[in-house]
Structure formats: C-alpha cells, structure tokens
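Hi everyone, thanks for making the time.

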Amino acid sequence: MGARSYRDVPRVYIDMDGVIADYEFGATQMKMHPNQYKMIAGAFRNLPMISGVRFALEFFNRCGYDVFFMTKIPSRNPYAATEKLLWIHEHLPDYRDKVIITSDKGAVGIERDFLIDDHPEWANCANFRGTVIKFVYDGPGAWRRTIEENFISDPTHNQVYTELVEDLEDRFL
C-alpha cells in the first residue's frame, strides 16, 4: 500500500456500533442482551444505518474535517472486525480506507480532534486528547442534535449547517 499522507486538518473519529450502525436494533431483533449479541458471528454484518449519518458526514466534510471511523471489537468474536469492515464497504464505501480498529481509543487523536462515541466510558476514551462527545441515539434527530450542541457555535460551522439543512429541504420537500 505504501505511505499515505493526510491533510493537516482536525479529525472527527466516529464510533460505529450505536453511532452509525444500529446495534441495539440488531440485539432486539435477535431477542438478546447486547453483551450476548456481540459475541455471535454475523452480529455486526447486517445492522441498519442510524438515521442522520449521511447528513453528519456531509456536514463534517463541508466544514473541512477529516473523518475516520474508530471501533473496538469484542475480544471473543473473531468475525467482528471483518463484519465491521464489510459493513463500511457496503454502506459507506467512500470511507473503506478510513476505519481504525483499536482496543485503545485514547491512543489516537490530538488536541484539535473530536471523538464521537456512545460509550465514552469504554476503550480508554477518557485518554483521548481531543474533545470527546457522547452520542445519544434516541431517534431520528440524534445526529442533528449532536451537531447542533457541539459544532455550530462556530459561525462558519453554523453557516455550513444552515446551508446543508436548506439543501436537504430543497431536495426532499
């Protein structure tokens, strides 16, 4: 593959399970506790995408962030890494080379970066050097609310957000 070069811009690292892929839905469909569900082969492969993900990615890209997905795999499910990569390939193919699988999210990022995670108490997120944002998925507006509460205080980001909302309204209304 060779050496890669990256833009010198802030990064947004986004967790996968419960943030872009609806893990709770998968566990509920199988009538399993989430801790049990994560141990079965196939658990991560066919999860539905959480609503608002594409909106959020467009927002971050328009704001000039470099977006990566960062996920931890269960230690007792050897299929999880492959399933998560396949999920990205299928749902977000433009990001297939921007997935980081790690058990230590605190080892990634610098002060100007962001980590969006539904369980920042896990995977050493407390030692992430940038800003950790707890994602709460409680319905279709979760991504817009996350952006509104954490990013649009910057006037440039507010303008990007307003334009993006107008673009979407023009397309879908």
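Leu 164 is buried, with a relative accessible area of 1%; buried here means under 20% relative accessible area, exposed over 50%, and partly exposed in between, with a 1.4 Å probe and protein chains only. Do keep in mind that this is a predicted model, where local features need pLDDT of at least 70, side-chain atom pairs count only at pLDDT 80 or more, and totals for chains, interfaces and linings use all residues. Residues are numbered from 1 along each chain as its sequence is written, and side-chain values use heavy atoms, with hydrogens and water left out.

So where does Leu 164 sit? Leu 164 is found in helix H6, residues 155-172. Helices (H or I, at least four residues) and strands (E, at least two) are DSSP runs, numbered from the N terminus. Not counting residues up to four places away in sequence, Leu 164 touches Phe 55, Glu 58, Phe 59 and Arg 62, where contact means heavy atoms within 4.5 Å. By way of contrast, take Glu 111: from C-alpha to C-alpha, Leu 164 and Glu 111 are 27 Å apart in space, and 53 residues apart in sequence.

That brings us to helix H3. In H3, the buried residues are Val 53, Phe 55, Ala 56, Leu 57, Phe 59 and Phe 60. A handy reminder for reading helices: an α-helix has 3.6 residues a turn, so residues three or four places apart point the same way. Just after H3, Gly 64 takes a positive phi of about 90°.

Now for the sheet. Five strands form an open sheet in the order S3-S2-S1-S4-S5, and the pairing is parallel; two strands pair if DSSP finds at least two bridges between them. Strand S3 (99-101) and strand S5 (131-134) stand at the edges with a single partner strand each, so one side of each is left without a neighbour in the sheet. From one strand to the next, the twist averages 25°. Helix H3 (residues 53-62) packs on this sheet, touching S1, strand S2 (66-71) and S4, and the direction of H3 makes about 135° with that of S2. For those angles, axes are lines fitted to C-alpha atoms, for helices over the stretch in contact, and angles run from 0 to 180 degrees between N-to-C directions.

Let's go through the pairings. Strand S1 (residues 11-14) pairs with strand S4 (residues 114-117) in the parallel sense over three bridges, and Phe 114 in S4 is the bridge partner of Val 12. Four bridges join S1 to S2, again running parallel: Arg 11 has Asp 66 as its bridge partner in S2, and Val 12 has Val 67. S2 and S3 are joined by three bridges, with Ile 100 in S3 as the bridge partner of Met 70.

How many residues of S2 are buried? Six of the six, so S2 is largely enclosed by the rest of the structure. Asp 66, Phe 68 and Met 70 point one way from S2, while Val 67, Phe 69 and Thr 71 point the other way. S1 is covered on both faces too, with Arg 11 and Tyr 13 buried on one side and Val 12 and Ile 14 on the other.

Last topic: pockets. The largest pocket holds about 620 Å³ of space. Its lining has 31 residues, and Asp 17, Tyr 23, Asp 118, His 119 and Trp 122 lie nearest its centre. A pocket, on a 1 Å grid over the protein atoms alone, is an open set of points where a 1.4 Å probe fits, with protein on both sides within 12 Å along at least five of seven lines, and lining residues have an atom within 4 Å of a point. Helix H1 (23-29) and helix H2 (34-37) each supply at least two residues of that lining.

The second largest pocket has about 260 Å³ of space; volume is the space filled by probe spheres set on the points, with grid points joined across faces, edges and corners. Here H3 gives the most to the lining, with five residues.
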